[in-house]
Amino acid sequence: MDRMKLIPHFDTYLNPKNKRNYPIIAINYHRIWDNLPALMTALGLPQSLIKTFPPRTETVRNDLTGKAEGNKAHTEKTRNDLKKIYQPLIDKIQKNPAV
C-alpha cells in the first residue's frame, strides 16, 4: 500500500489536471549521464558545461550499511518490501525519457 501517495504525486506532477503557468522539467536521474546534451538544452545551459558535469557515482546500501549507521530500518528486507510496493512507480520512472 502506497501510504505516502508517491504514485499519485508522480502522476499529478507529470500530468497535471490544471494547466500550469510555469514550466516543469522532469529529469530522470538514472538517465542523466547518458543524455547530458539533452539536459543542457532543456535547462538552457551551454553544451560546454557538459565537461564540468560531475562523474556518476552510486551508493551501495545493504544490511552492513544499516548496521554501520545504527539504523535497524535500513535492511535488505525493508528495501525489498519498498521495491514491491513501489514497483509500479519504478516502472513509470524507468520508462520516462532523460528530460
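N28 sits in the loop that runs between α1 (6-14) and α2 (36-43). Keep in mind that this is a predicted model. Is N28 buried or exposed? With a relative accessible area of 6%, N28 falls under the 20% cut-off, so it counts as buried. Looking past the neighbours within four places in sequence, you'll find N28 in contact with I93, Q94, N96, P97 and A98.

Some of those partners turn up again around a pocket. The second largest pocket is lined by N28 itself, together with F10, L14, A26, I27, Y29, H30, I93, N96, P97 and V99. Sorted by class, that lining has eight nonpolar residues, three polar ones and no charged ones.

How do you spot such spaces in a model? Rolling a probe the size of a water molecule over the atoms shows where empty space is left.

| Pocket | Volume | Lining by class |
|---|---|---|
| Largest pocket | about 500 Å³ | six nonpolar, five polar, four charged |
| Second largest pocket | about 190 Å³ | eight nonpolar, three polar, no charged |

Now for the largest pocket. Its lining is made up of 15 residues, and H30, R79, L82, K83 and I90 are the ones nearest its centre. The elements that put two or more residues into this lining are α4 (76-85) and α5 (87-95). Which of the elements gives the largest share? That's α4, with five residues.

Where the two helices meet, α4 brings K83, K84 and I85, while α5 brings Q87, P88 and I90. Split by class, the residues of this contact are three nonpolar, one polar and two charged. K83 and I90 belong to this contact, and both are among the residues nearest the centre of the largest pocket.

Finally, a look at V60, in the loop between α2 and α3 (63-69). V60 has a relative accessible area of 64%, which is over the 50% cut-off, so V60 counts as exposed. How far is V60 from F10? Their C-alpha atoms are separated by 25 Å, and the two residues are 50 residues apart along the chain.

Conventions. Residues numbered from 1 in each chain as written. Predicted model: local features only at pLDDT ≥ 70, side-chain atom pairs only at ≥ 80, totals over all residues. Heavy atoms only, no water. Helix = DSSP H or I, 4+ residues; strand = E, 2+ residues; numbered from the N terminus. Buried < 20%, exposed > 50% of the residue type's maximum accessible area, 1.4 Å probe, protein only. Contact = heavy atoms within 4.5 Å. 1 Å grid on protein atoms, 1.4 Å probe; cavity = no way out; pocket = protein on both sides within 12 Å on 5 of 7 lines; lining within 4 Å. Points joined across faces, edges and corners; volume = space filled by probe spheres on them. Nonpolar A, V, L, I, M, F, W, Y, C, P; charged D, E, K, R; others polar.
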